[in-house]
Amino acid sequence: MKTIIKCPNCTKVQAVKPGMVNCSTCNFRFNTESRQPLRALSIQQPWAWAILNGLKDIENRKWTTTFTGQILIHAGQKFDNEGLKFIKDMNPDIEIPTEKEFKKMMGGIVGKAVITGCVEESDSPWFFGPFGFTLANAKAIDLIPCKGQLKFFTPKID
Ligand SMILES: [Zn+2]
């Protein structure tokens with residue numbers, strides 16, 4: 001069983017088995033027990049894409065959190081067509097991925113971001129509430145296939 005951690009040397013996010021591992025990018029050798037497995041939040045496409053491309057700066061939830069810090073962004077297999085319309089209306093000039101490209105960004109971990117807080121009001125056009133998790137430093141990563149769960153979860157990979 002693998003979990004997802006960030007290399008302490010180059011910060012590459014990767015799925016690893018517990019124990020001594022070599023980073024897949026910089027080859028730095030480290031013990032996974034010295035690193036906390038990263039937690040993830042599942043966000044439907046194309047919303048996850050909008051976050052990872054620096055458009056959407058807040059994630060709406062019905063529940064609140066006191067958690068701040070690094071998270072992984074998971075995208076499930078369901079696609080929100082209404083959401084795509086909203087994103088296109090907000091950003092008429094932006095290049096939207098094709099359906100085939102979106103398929104490569106679904107069914108697993110697709111990126112990372114930092115949760116900086118949880119608000120009940122915001123001027124962000126992406127805020128609908130009732131709660132908004134404010135996000136920073138969002139960045140796409142290559143798909144790491146895994147199942148999603150409700151709320152925050154620690155991805156486990158066979
Ligand atoms: Zn590394």
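This note goes through the strand pairing and some backbone features of a predicted model.

1. Five strands make up an open sheet, and they follow the order 5-7-8-9-6 with mixed pairing. Strand 5 and strand 6 (58-61) lie at the edges, and because each of them has a single partner strand, one side of each is left without a neighbour in the sheet. From one strand to the next, the twist averages 45°.

2. Strand 7 with strand 8. Seven bridges link strand 7 (residues 69-75) to strand 8 (residues 108-119), and the two strands pair in the antiparallel sense.

3. Strand 8 with strand 9. Strand 8 is also joined to strand 9 (residues 131-145), again in an antiparallel arrangement, here through nine bridges. Within this pairing, G117 stands opposite T134 of strand 9.

4. Strand 9 with strand 6. Strand 9 runs antiparallel to strand 6 as well, and four bridges join the two. On this side, N60 has G132 in strand 9 as its bridge partner, and strand 6, as noted above, is an edge strand of the sheet.

5. Two cis peptide bonds. The bond between Q45 and P46 is cis, with omega at about 5°, and P46 lies in the loop that runs between strand 5 (40-42) and helix 1 (47-52).

6. Positive phi at T11. T11 is a residue other than glycine with a positive phi, near 70°, and its place is in the loop between strand 1 (3-6) and strand 2 (13-16). T11 counts as partly exposed because 13 other C-beta atoms lie within 10 Å, and a residue is called exposed at 12 or fewer and buried at 20 or more.

7. Positive phi at N27. For N27, also a residue other than glycine, phi is positive and near 70°, and this residue is found in the loop between strand 3 (20-22) and strand 4 (29-31). N27 has 10 C-beta neighbours inside 10 Å, and therefore counts as exposed.

Key
Residues are numbered from 1 along each chain as its sequence is written. This is a predicted model: local features need pLDDT of at least 70, side-chain atom pairs count only at pLDDT 80 or more; totals for chains, interfaces and linings use all residues. Two strands pair if DSSP finds at least two bridges between them. Axes are lines fitted to C-alpha atoms, for helices over the stretch in contact, and angles run from 0 to 180 degrees between N-to-C directions.
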